[in-house]
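Colleague: Could you put the model up on the screen? I would like to go through it with you.

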Amino acid sequence: MKKKIVLLLAAVMAVGMLSGCGKKGNAPASGAVPAEASGQEMAVPEGLAGTKVAWVTIQSDAWHHQTAVKAQELLAANGFTCDLFDTNGDDAKGLECLEQIRTAGDYGLVIYACNVTQLDAFKQLMDKGTSVVMYANDFEDNHGVVSTWVCSEYDLGYLVAEKAAQELPENANVVLLRGIEGWSGSVMRGKGFHAALEDAGRDDITILDEKFQKFQKADAMTCMEDWITAYGDKINGVVSENDDMALGAIEALRGAGMTADAGHVLVYGIDGLYQGCKGIKEGSIQASAYQDSNDYAEAALERIQKLVSGEMKPGDCEDLTFDAAYIDSSNVDEFLTYYEKAGMAQ
């Protein structure tokens, strides 16, 4: 099932980073009127733990935090409480968050992102009447047990590499900045990179090197500096698994006088967040693939509504794959306007 990307130009309040399990995000955006305001308490259907939603992810990651906040805003506007939990990028902390949610016993839906599946903990939650979704990660062990929601990681990688293949000069040399080795998303983005270059018939493109840099800007900058030392002005392109690493590469290129924004080296990223869009507007990034946070927010609202209505049971699975798109100079102004109006221009 696919949901088309929709840009919601409603204003969103900025929400600060959270530092531990069980922390709530900010209140609904100004003007949002939750259903509870009517004084009517929402009944909990038999077999469902409750009507609250728990969103568990690494809140320091820009895309994940944005997605969690968008969901919290939309759910609040429709009468549901959504609490944000922070894994701090630690799988053990993620497990602690799940145990805290299970102990509380009043969450009808958990939406979770971490680098490993927590299948035993998921089953314990479902036994207590809580529906579970794992998003932005696709683990075979989860299939048929809990729902998986993803934007096609393969498509994200394919789109930017396809764009690169159209724009790179003849006999181009490129380097690939990879994310986390072994993570399903990095595996599929990498496959998309290579497939797009092959499908484009660009046998003249040489991949000089590819290295995993854990999606970190500083690490990517250091890696790019090493590549500049090794290959110098032979490098024509950088294809990155996220915009942060692309921006790190650009800093290294500028430091070496290889001005990326002047077109000396063409740079491509993934995420399409505000800073990446600024890079596209300035000309330092040529394009970025985009997965829409609104798709996940809308899916969360639809799921809790189905649970409350009885249309779905806590143990039911419904896997969703959302469409990917790309941002370049032709449409970047729309995205910049969106982020500015939503209070996410930072």
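Colleague: In which strand is confidence lowest in the chain, and in which is it highest?
Modeller: Confidence is lowest in S12, at a mean of 90, and highest in strand S3 (residues 107-112), at 98. The score is pLDDT, the predictor's confidence in each residue, from 0 to 100. Strands (E, at least two residues) and helices (H or I, at least four) are DSSP runs, numbered from the N terminus.

Colleague: What should I know about the model before we go on?
Modeller: The model is predicted, with local features needing pLDDT of at least 70 and side-chain atom pairs counting only at pLDDT 80 or more, while totals for chains, interfaces and linings use all residues. Residues are numbered from 1 along each chain as its sequence is written, and side-chain values use heavy atoms, leaving out hydrogens and water.

Colleague: What is the average pLDDT of the chain?
Modeller: The average is 87, and 87% of the residues score at least 70. Residues 1-20 stay under 50, and over residues 23-40 the pLDDT is also below 50. Where pLDDT is low, the predicted coordinates should not be read in detail.

Colleague: On to sheets. What is the strand order in the sheet with S3?
Modeller: That open sheet of six strands runs S2-S1-S3-S4-S5-S11, with parallel pairing. Two strands pair if DSSP finds at least two bridges between them. Strand S2 (82-86) and strand S11 (320-322) are at the edges with a single partner strand each, so one side of each has no neighbour in the sheet.

Colleague: How many bridges join S1 and S2?
Modeller: Strand S1 (residues 52-57) pairs with S2 over five bridges, in the parallel sense. Alanine 54 has aspartate 83 in S2 as its bridge partner.

Colleague: Which strands does H2 lie across?
Modeller: Helix H2 (residues 91-104) lies across S1, S2 and S3, at about 170° to S3. Axes are lines fitted to C-alpha atoms, for helices over the stretch in contact (heavy atoms within 4.5 Å). Angles run from 0 to 180 degrees between N-to-C directions.

Colleague: And what is the order in the sheet with mixed pairing?
Modeller: The order is S7-S6-S8-S9-S10-S12, six strands in an open sheet. Its edge strands are S7 (206-212) and S12 (325-327). Strand S6 (residues 173-178) and S7 are parallel, over six bridges, and valine 175 is partnered by aspartate 209 in S7.

Colleague: Which helix lies across S6 and S7?
Modeller: Helix H5 (residues 184-199) does, and H5 also lies across strand S8 (237-240) and strand S9 (266-271), running at about 165° to S6.

Colleague: New topic: which residues line the largest cavity?
Modeller: They are Trp149, Ala299, Glu302, Arg303, Lys306, Glu318 and Leu320. On a 1 Å grid over the protein atoms alone, a cavity is a set of points where a 1.4 Å probe fits but cannot get out, and lining residues have an atom within 4 Å of a point.

Colleague: Which helix gives the largest share of that lining?
Modeller: Helix H9 (residues 293-309), with four residues.

Methods
1 Å grid on protein atoms, 1.4 Å probe; cavity = no way out; pocket = protein on both sides within 12 Å on 5 of 7 lines; lining within 4 Å.
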